[in-house]
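Trainee: I would like to work through the helix packing and the residue pairing of this model. Could we proceed one question at a time?

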Amino acid sequence: MEQEKRRQRFRGKYDGFTLFLVPGLTLCLASLESWFGTNLSVVCSSGGLRLCFALWGILAGTYYICYTLYLFRLGNYRQGAAKGLVLAAGAFLMTAVLIPYKPDLNPEAAFLHVALAFLAPVLLAGALTLFLRFVSCRSRRQFRKAWQLMWYLEGGALSVFLTAGFINSFLELYVVTGLCGYLRYLERLLQRGISPSRSW
């Protein structure tokens with residue numbers, strides 16, 4: 001019986017959002033036009049897609065806030081700086097999608113839209129770095145791969161950006177799905193630490 005439980009598949013708290021809803025909606029929006037020649041802001045800047053884009057951003061921002069703060073609770077992490085970064089990241093993303101992206105008509109608003117959207121994942125990565133430093137003090141070996149995976153994700157995003165020369169839909173899809181998978185991976189590591197006898 002115990003061996004059967006150990007073989008049970010890991011189920012994360014937010015798996016419905018992590019595996020299907022957030023990456024699925026991002027993929028749908030990104031697939032409306034070229035992944036490499038444009039981005040979500042351009043694709044969804046007019047027509048009925050503006051509402052879809054706003055709803056997607058609000059959903060994604062809320063998801064990242066709730067999931068990351070949940071991981072903080074699992075890791076008994078109570079420092080306010082990282083929590084502030086997480087809340088700011090979610091707020092930046094949700095605000096960005098509510099600002100119309102029309103650089104020809106309103107370049108100032110378009111610039112603010114891009115700046116907020118760019119800073120959102122940067123702030124979230126900063127919060128996760130502070131969190132990893134905290135939990136790694138208890139078990140460096142357990143979280144060594146988490147550090148490596150974070151550098152791989154960040155390096156991959158930078159490579160795509162430098163190759164394309166701008167933020168395209170593929171990069172946005174990469175960042176969104178990469179963060180989803182990374183948060184789930186952290187949850188699995190933290191759950192192992194809470195229940196060492198379990199094998200997820």
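Trainee: Which residue forms a salt bridge with arginine 184?

Mentor: In this predicted model, local features need pLDDT of at least 70 and side-chain atom pairs count only at pLDDT 80 or more, while totals for chains, interfaces and linings use all residues. Residues are numbered from 1 along each chain as its sequence is written, and side-chain values use heavy atoms, with hydrogens and water left out. A salt bridge requires a side-chain nitrogen of Lys or Arg within 4 Å of a carboxyl oxygen of Asp or Glu. With its closest N and O atoms 2.8 Å apart, the partner of arginine 184 is aspartate 15.

Trainee: How far apart in sequence are the parts that this pair ties together?

Mentor: Helices here are DSSP runs (H or I, at least four residues), numbered from the N terminus. Arginine 184 lies in helix H8 (residues 169-194) and aspartate 15 in helix H2, so the parts tied together are separated in sequence by 169 residues.

Trainee: Are H2 and H4 roughly parallel or antiparallel to each other?

Mentor: Two packed helices are described by the angle between their axes and the distance between the axes. Axes are lines fitted to C-alpha atoms, for helices over the stretch in contact, and angles run from 0 to 180 degrees between N-to-C directions. H2 (residues 15-30) and H4 (residues 49-74) pack at about 150°, with axes 11 Å apart. Angles under 35 degrees count as roughly parallel, over 145 as roughly antiparallel, 65 to 115 as roughly perpendicular and the rest as oblique, so H2 and H4 are roughly antiparallel.

Trainee: How many nonpolar residues does the contact of H2 with H4 have?

Mentor: Contact means heavy atoms within 4.5 Å, and the residues involved include Phe17 and Leu21 of H2 and Trp56 and Tyr63 of H4. Ala, Val, Leu, Ile, Met, Phe, Trp, Tyr, Cys and Pro count as nonpolar, Asp, Glu, Lys and Arg as charged, and the others, Gly among them, as polar. Two residues are polar and no residues are charged, and the nonpolar count is 12.

Trainee: At what angle do the axes of H6 and H7 cross?

Mentor: Helix H6 covers residues 107-136 and helix H7 residues 144-164. H6 is roughly antiparallel to H7. Their axes come within 11 Å, and the crossing angle is roughly 165°.

Trainee: How many charged residues does the contact of H6 with H7 have?

Mentor: Among the contacting residues are Arg133 of H6 and Glu154 of H7. By class, six are nonpolar and two polar, and the charged residues number two.

Trainee: Is H4 roughly parallel or antiparallel to H6?

Mentor: The axes of H4 and H6 come within 11 Å and cross at roughly 15°. That makes the arrangement of H4 and H6 roughly parallel.

How values were computed: Helices (H or I, at least four residues) and strands (E, at least two) are DSSP runs, numbered from the N terminus.
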